[in-house]
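The following exercises concern one structure and are each followed by a worked solution.

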Amino acid sequence: MELSVDRLTKHYGRKIAVDCVSAVLKPGVYGLLGENGAGKTTLMRMLCAILESTSGEVFLDGREVTAMGADYRDLLGYLPQDFGYYPNYTAKEFLLYMAALKGIPRDIAGKRTEELLDVVGLNEAVTKKIKTFSGGMKQRVGIAQALLNHPKLLILDEPTAGLDPKERVRFRNLISDYAKDCIVMLSTHIVSDIEAIADEVLLMRKGKLVAQGSVSELTKKAEGKVWELTVSEAEASRWQEKAAVANLRHEGEKVVLRILADAKPVEEAVPCVATLEDLYLQSFNE
Amino acid sequence: MELFRLEHKKLWRKNSTKICVLLCFFYCVIFGSFMIYQWITFGSRNDYVEGRNFDGYENIRKCQAYARKYKELTDESLQQWVRDFQGLKAQLDEERKTQGAEDWETVNKRQGSGLFVINGWISTLYPELEEADMRYVDIMCGYVKPEKLTGLYERREKAVETFLDISGQTGGEKEYLFRINEKVRKPFPWKWIPGWETVLGNLLADLGMVMALFFAIVLSSLFAGEWHDNTSSIILTTKNGWRQLAAAKILTGLSFTLELFAMVAVGMILLQLVFLGTEGWNMPIQMIKMIAIAPMNMLQAEIYEYAFTLLGAVGFAGVVMLFSARCKNQVLALLLSLAVVYGPMAFKEKVPIQLEKAFDLLPLVGSGTDIFRTNTFHIFGRYIWSPYLLIWVPVMIGVLCLPPAVRGWARRMRV
């Protein structure tokens with residue numbers, strides 16, 4: 001299975017939300033990284049064919065997805081960023097309703113619903129109405145509904161928002177298992193989640209795809225550009241003003257700075273191993 | 001079907017739906033029927049000033065028993081009724097040495113509460129017997145000479161003709177209405193009339209107007225509620241998508257309309273059977289309004305009025321669903337739906353007659369009581385008696401609203 005994005009563009013009046021994005025996605029987990037307003041959600045909505053592109057097309061195995069209609073939607077699982085639900089429904093009722101919308105027969109839907117409630121850790125809250133759920137629990141209902149139809153293409157817009165660390169680990173494991181023979185694309189601001197599960201990262205900036213590659217490929221780009229420097233507290237403030245500081249930690253009376261710079265900022269700075277977060281910050285500091 | 005089942009369940013789960021159904025049932029069945037029969041209209045009165053007693057059931061039995069003695073409406077039976085009335089009145093005057101409105105009420109009570117219907121017949125058919133200098137408390141039944149009440153059916157024909165002339169209904173229109181009138185069978189069977197008058201003239205006449213409010217509240221959220229719940233994105237990406245969901249929602253809307261109507265109608269009919277029974281079902285509606293031209297008996301008229309409300313409700317459901325599918329805001333959908341019914345109702349008496357008649361064709365705006373009237377529509381050179389159009393046009397409007405509702409909904413589907 002192959003999802004090809006060909007020069008996909010979306011304009012809102014004079015504003016360009018997505019600018020000529022092209023990519024080829026094969027089974028695996030794709031992490032979409034970008035600052036707020038980078039065009040991640042717009043791109044995902046166009047991939048789901050719920051938002052018309054200004055130009056460009058999306059193909060699944062050579063077939064244009066809007067022409068595929070219900071066949072495409074049958075292969076699709078989507079968790080939107082602003083996930084809506086019926087407040088008076090229980091999680092089980094909501095999933096059964098979504099299963100009917102996805103055309104899953106009633107008997108299969110019942111089993112699949114129970115299975116997914118177990119997978120997302122909501123089997124003890126099946127009788128509670130969604131309106132009583134915490135943000136994280138609601139998010140898990142959203143993840144479960146996206147998985148109902150065993151989608152071949154799973155698009156998750158900020159799926160880990162609101163999840164506690166334990167649930168994030170559960171989610172990562174779930175997605176890693178799931179992505180063996182299907183395409184999973186997820187966007188998040190939590191770089192460590194992408195680092196942990198994404199086979200490939202797509203970095204977006206101002207509507208453009210600025211980098212694409214595996215975590216190791218991308219972090220290589222930042223190698224030799226990440227430095228650690230131990231300074232006094234007074235100096236730390238000055239460094240924050242004049243350089244891109246990715247991190248700051250106190251060690252006794254001293255402060256250890258993680259500085260992003262193309263060249264060694266001072267003689268005392270020592271090079272360190274770059275992470276995806278360094279690359280992310282470096283990209284958006286430019 | 002599964003989607004319809006779940007959509008239907010979803011609608012009924014909403015608190016607003018449950019509250020609306022409960023209020024509608026309470027207003028139409030408990031307040032609008034039970035209380036009318038047992039207290040407000042048919043409870044007995046001790047005197048003219050005091051309120052009614054909570055004894056409608058027993059009172060109706062007494063009234064029905066009294067009316068049975070006249071059997072059918074002829075010159076003789078009408079004269080006999082008036083004679084009986086005047087006899088009772090004289091007896092009462094003798095007892096109390098007074099004359100006044102409370103006396104009429106007492107006699108009316110003793111005589112089975114038919115006074116005002118029968119007085120209406122006499123004033124319509126024998127206008128020359130009316131005495132201009134009588135006091136307001138003196139009604140015709142009290143002073144006309146019974147032996148002058150002759151030629152009832154001939155006078156009825158004349159009264160219909162005079163009414164049509166006064167209404168400006170002449171030529172072809174008059175002939176058309178007379179042809180309908182010719183089918184009215186005579187002589188009229190005579191049973192107790194006020195019960196049927198209340199059912200056909202009041203209870204059913206206002207049913208659609210009341211139910212419209214509840215239909216609008218429940219159904220306006222059917223489509224527009226999805227925007228409120230922010231579920232459009234996930235629904236849009238499902239296999240069945242908007243199109244099948246739209247079909248399920250339309251079916252749900254129609255099904256809810258039938259269910260709410262059935263609940264109310266069954267409740268009202270059961271109470272009617274308990275309080276009034278079936279006696280008098282074969283009386284013609286002319287017993288309620290002497291110059292009505294429809295060849296219908298009470299049962300047929302009741303079926304017509306229920307059918308009118310049901311088809312109007314289905315038509316109105318179609319209109320509400322159109323607004324709900326086209327507006328993202330359910331409050332706006334609700335306001336537009338209410339405006340479609342109550343707007344024309346409020347303004348129809350202030351607009352030209354042709355526009356008023358056109359307003360009547362909107363779902364639940366017109367009235368099932370048009371079977372008592374002689375209104376016609378002149379379409380393509382043909383006259384059509386208004387009840388024929390009033391029953392079919394609203395439902396057709398509703399049906400015509402459904403394709404644009406589905407299209408409007410499906411347009412949001414990009415795939």
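**Exercise 1: The sheet of chain A**

Gly31(A) has Val201(A) as its bridge partner in β9(A). The model is predicted: local features need pLDDT of at least 70, side-chain atom pairs count only at pLDDT 80 or more, and totals for chains, interfaces and linings use all residues. Residues are numbered from 1 along each chain as its sequence is written, chains are lettered from A and ligands numbered from 1 in the order in which they are written, and side-chain values use heavy atoms, with hydrogens and water left out.

Task. State how many bridges join β3 to β9 of chain A, and describe the sheet.

Solution. 
1. Strands (E, at least two residues) and helices (H or I, at least four) are DSSP runs, numbered from the N terminus. Strand β3 (residues 28-34) and strand β9 (residues 200-205) of chain A are joined by five bridges and run parallel. Two strands pair if DSSP finds at least two bridges between them.
2. The open sheet has six strands with mixed pairing, in the order β6-β7-β8-β3-β9-β10 (chain A).
3. Its edge strands are β6 and β10 (208-213) of chain A, each pairing on one side only.

**Exercise 2: Where the chains meet**

Task. Determine how many residues of each chain are in contact, and which element of chain A gives the most to the side that touches chain B.

Solution. 
1. With contact meaning heavy atoms within 4.5 Å, 35 residues of chain A touch 25 residues of chain B.
2. Between chain A and chain B there are two salt bridges (a side-chain nitrogen of Lys or Arg within 4 Å of a carboxyl oxygen of Asp or Glu). Arg13(B) forms a salt bridge with Glu93(A), with the closest N and O atoms 2.4 Å apart.
3. On the side of chain A that touches chain B, the elements giving two or more residues are α2 (65-68), α3 (70-74), β6 (76-79) and α4 (91-101) of chain A.
4. Of these, α4(A) gives the most, with seven residues.

**Exercise 3: A salt bridge within chain A**

Task. What parts of chain A does the salt bridge between Glu228(A) and Arg249(A) tie together?

Solution. 
1. Side chains of opposite charge can pair when their charged atoms come close.
2. In the salt bridge of Glu228(A) with Arg249(A), the closest N and O atoms are 3.8 Å apart.
3. Glu228(A) belongs to strand β11 (residues 226-232) and Arg249(A) to strand β12 (residues 244-251) of chain A, so the pair ties together parts that are 21 residues apart in sequence.
4. Over all chains, the count comes to 31 salt bridges.
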